Amino acid sequence: MAAPEEQDLTQEQTEKLLQFQDLTGIESMEQCRLALEQHNWNMEAAVQDRLNEQEGVPSVFNPPPSRPLQVNTADHRIYSYVVSRPQPRGLLGWGYYLIMLPFRFTYYTILDIFRFALRFIRPDPRSRVTDPVGDIVSFMHSFEEKYGRAHPVFYQGTYSQALNDAKRELRFLLVYLHGDDHQDSDEFCRVSQALRENTYPFLAMIMLKDRRMTVVGRLEGLIQPDDLINQLTFIMDANQTYLVSERLEREERNQTQVLRQQQDEAYLASLRADQEKERKKREERERKRRKEEEVQQQKLAEERRRQNLQEEKERKLECLPPEPSPDDPESVKIIFKLPNDSRVERRFHFSQSLTVIHDFLFSLKESPEKFQIEANFPRRVLPCVPSEEWPNPPTLQEAGLSHTEVLFVQDLTDE
């Protein structure tokens, strides 16, 4: 029977995977699993890192190439609590101490010389940190194997990220430094160069003070649990006012920023409203201008049309043949009834085209611009202008007119 694959999840890991998905809202189970594996299945650290990413803080697995925060260690008001090694007691203790003193001195002297020479061959490993998160996970494994799982939650991120989070959230940051053998051992923790420790275990309380990340307390040496809690509580109580003051100042700055933003938004809204009003005014002025131009152009066009019409009437009048005399037997007397109920009388020759009748009426001031001429008996429209049916209008005689006729002028201008 084949062994199960290494990628199979335990029941505990499956429950954590489902809880992490519910808390973060990530749909991809593979992405949830990867996030938990990066944090060694530490639910709290994985959720905190995810929330930091949602708030715009870079992930501990993808830190930005920015300059780390500097910690102020020059404040002379730093609270220090150093637990010294117990001194020898009694004659036997002092005797043992004096006997071992030459051997201890020789051992540490040789050891220091060896480490000093070793630094020329192998540089300080603290300057070669390439995977800080991996180092933290490795430290947690070794710590839990040696001391058990009963310990505070270790921050899974770089030292700079821890400082940034403490500054952003206005919280105390407790830094723990641990050396397995000696303060100069290769396993020396990375941030020891910045905090100026003297012995181990070493604890430093860091907080935002006077707008700088400052070490406000140092605890060095072996300390009992109750005493540790008391000392940490004392440090926090003594510096709590700074955090409260900073929170108030930050809240005031945020309110000022919100107020300024609201004022800017109101100003922009007012500006946009004014710009919209001005735009509408410009559009209205432009519309009126175009309307006036259109009316003016229409007036000019109408004036040109009337002028052209008048010139055309005058030209038609000049081209009319002379009116025949009443004694001419080939003459035709025609009475025209105009649309305005006026009457016009004129004589024409039988041999003349009906076009002459149309030109005569067109030249009259009273006649409409467009019209047709109708005869009453029989009722018909005379073809006075060229058309497809009558390319060449007939003469008066061909049209069947008598010596005396009454013709009606029908206005077609609006058709």
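## A bridge between two strands

In strand β6, E345 is the bridge partner of I335. Strands here are DSSP runs of E with at least two residues, and helices are runs of H or I with at least four; both are numbered from the N terminus. Strand β5 covers residues 331-337 and is joined to β6 by seven bridges. The two strands run antiparallel. Strands count as paired if DSSP finds at least two bridges between them.

This is a predicted model, in which local features need pLDDT of at least 70, side-chain atom pairs count only at pLDDT 80 or more, and totals for chains, interfaces and linings use all residues. Residues are numbered from 1 along each chain as its sequence is written, and side-chain values use heavy atoms, with hydrogens and water left out.

## The sheet and its helix

Which strands make up the open sheet, and in what order? The order is β6-β5-β9-β7-β8, with mixed pairing. Strands β6 and β8 (379-381) are the edges, and each pairs on one side only. Neighbouring strands are turned by 30° against each other on average, direction ignored.

Helix α9 (residues 354-363) packs on this sheet. Helix α9 touches β5, β6, β7 (371-376) and β9 (404-411). A contact means heavy atoms within 4.5 Å. The direction of α9 makes about 120° with that of β7. Axes are lines fitted to C-alpha atoms, for helices over the stretch in contact, and angles run from 0 to 180 degrees between N-to-C directions.

## The whole chain

The chain has nine helices and nine strands. Of its 415 residues, 31% count as buried. Buried means under 20% relative accessible area, exposed over 50%, and partly exposed in between (1.4 Å probe, protein chains only). Among contacts between residues at least 6 apart in sequence, 59% join residues at least 24 apart.

## Two cysteines

Is C32 buried or exposed? C32 has a relative accessible area of 0%, so C32 is buried. C319 counts as exposed because its relative accessibility is 61%. The chain has zero disulfides, taken as pairs of cysteine sulfur atoms within 2.5 Å.

## How confident is the model?

The predictor's confidence in each residue is pLDDT, from 0 to 100. The chain's mean is 78, and 77% of residues reach 70 or more. Confidence is highest in β6 (residues 343-349), at a mean of 93, and lowest in helix α7 (residues 192-195), at 48. Over residues 1-7 the pLDDT is below 50, and this stretch has two contacts beyond near neighbours in sequence. Residues 182-189 are also below 50, with 17 such contacts.
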